[in-house]
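Reader: I am new to protein models. Could you take me through a single part of this one, slowly enough to follow?

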Amino acid sequence: MKTFRLLYQLSFYFLAFIIFVIGGLGQFLLGISNTIMTFFLMVSLLLVYVIYIFLKARIVFNRVVLIAILYVLTIVLSATLNKSHVVSTLVYFIFPFLPLSVYLYSYINFKEEFLTFEKVFKFFFYIGLIQLPILLIQQNLYDFLMRFNKSGQTIESLDFMFGSFFIKSDHSLGVFLLLLIATILYQRKRVARIVLMPWLSILYLLTTLFLTESNISKLVAVILMLTTLVVPLYRKYGQGIIFKLVTIVIGISFVIAGYSLKDKPFIQKRLGGPLQEQLSMDRAERYYELGTAKRFQIVMVAAGRLETKWIGDGPYSYFDIRSGRFTKAPHFSQLLWTYFDLGLIGLLVVITYLWVITGSLHLKGGVITYFVFGVLMIYSFYTTLLSDIAMLYSIFFILTGGGGKRISSLSLPALQR
């Protein structure tokens with residue numbers, strides 16, 4: 001087992017170095033495919049787990065594994081009924097297998113504690129610290145650096161802010177930074193020897209995050225910082241009538257402020273026009289047919305005008321992986337892709353998969369669990385989360401905390417039940 005411990009430790013740092021440090025550089029300078037790199041990483045994770053199976057003579061079989069199998073069967077059913085191309089079907093398996101591979105790989109550490117939480121966090125924290133200078137270089141030297149682009153992808157200036165992560169992985173970087181910030185905020189004692197100046201570090205990481213183009217991450221960061229004020233006040237005054245009245249007044253004020261801003265030029269510019277026009281079914285349908293609809297407009301059309309898709313149009317019907325072309329509007333979205341590819345049945349399976357993944361973290365407290373699940377759902381609407389290894393790797397290794405020890409407010413007992 002000592003040899004396997006060393007193998008696991010080396011594999012963790014090796015894989016993390018590829019995912020968070022040199023993966024994007026390899027794509028940019030050498031043209032290495034994102035899909036190929038992700039498959040290599042997934043197979044590496046599964047290989048380590050297979051070795052662990054032989055050493056322990058037992059396998060993990062729980063809700064996460066069960067739903068992953070159900071997900072695979074749903075893909076096979078949709079592909080068979082729609083006579084999908086075998087390549088599209090095989091590549092599509094990355095969505096159930098990648099999260100499963102990261103989960104099983106992290107389970108080994110959670111069970112055996114080959115790497116303590118402190119060691120994992122320290123490594124991730126240093127990676128987080130180098131993102132700001134990299135982002136500043138990407139922001140200011142875009143024209144110069146694009147001369148070396150061998151990725152085969154068209155990278156706009158906004159998409160170039162991915163730090164040392166994979167190309168166009170601004171959401172991955174955002175989640176990674178959010179997890180570091182949350183850990184410093186709520187696990188301050190545990191990381192005290194690593195983060196010597198916590199508030200300065202939080203400010204530094206927040207500055208880094210707000211340089212990215214992940215608006216979802218920025219919103220979650222604001223909510224996260226507000227919890228540091230709201231939670232202590234709630235614990236102290238939450239049962240009082242004054243606190244409840246003030247909360248209601250603030251909530252109503254936010255609603256009124258939001259409504260009053262809907263017609264402002266900068267809001268309309270962001271929305272692409274007046275709100276009532278954006279919510280027009282006729283306009284949404286027209287944009288859908290033109291292939292320029294926004295994500296929520298696609299949802300409107302799918303719910304109001306299209307015939308219900310029960311098993312979908314087959315793997316990669318929304319985005320043709322073989323040609324790299326979108327058959328609908330050019331959006332990366334786990335939930336949208338799933339509905340059009342695997343139908344309503346597949347969408348329910350994926351939502352269940354996200355729920356059991358959240359449950360596998362065993363976050364302490366129902367509110368935290370629902371909050372994390374909600375955040376995962378939001379990211380799944382704006383990106384293909386289940387094929388994003390950086391996001392999955394950081395979530396499982398930071399939130400599970402390493403070993404069987406509980407982590408106060410993000411407490412996680414053993415993954416296996």
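Author: Here is a close look at an aromatic pair and the parts around it. The model is predicted, so local features need pLDDT of at least 70 and side-chain atom pairs count only at pLDDT 80 or more, while totals for chains, interfaces and linings use all residues. Residues are numbered from 1 along each chain as its sequence is written, and side-chain values use heavy atoms, with hydrogens and water left out.

The whole structure holds 49 aromatic pairs. Rings of Phe, Tyr and Trp (its six-membered ring) pair if their centres lie within 6.5 Å; planes under 30 degrees apart are stacked, over 60 edge-to-face, and the rest tilted. Tyrosine 316 and tryptophan 337 make an edge-to-face pair, 6.2 Å centre to centre with 70° between the planes. Tyrosine 316 sits in the loop between α16 and β1 and tryptophan 337 in helix α17 (residues 334-360), so the pair ties together parts 21 residues apart in sequence. Helices (H or I, at least four residues) and strands (E, at least two) are DSSP runs, numbered from the N terminus. Both tyrosine 316 and tryptophan 337 are buried. Buried means under 20% relative accessible area, exposed over 50%, and partly exposed in between (1.4 Å probe, protein chains only).

Lysine 309 is in that loop too, between α16 (295-304) and β1 (319-320). Lysine 309 is buried, at 18% relative accessible area. Beyond residues up to four places away in sequence, lysine 309 touches Tyr339, Phe340, Gly343 and Leu344. Contact means heavy atoms within 4.5 Å.
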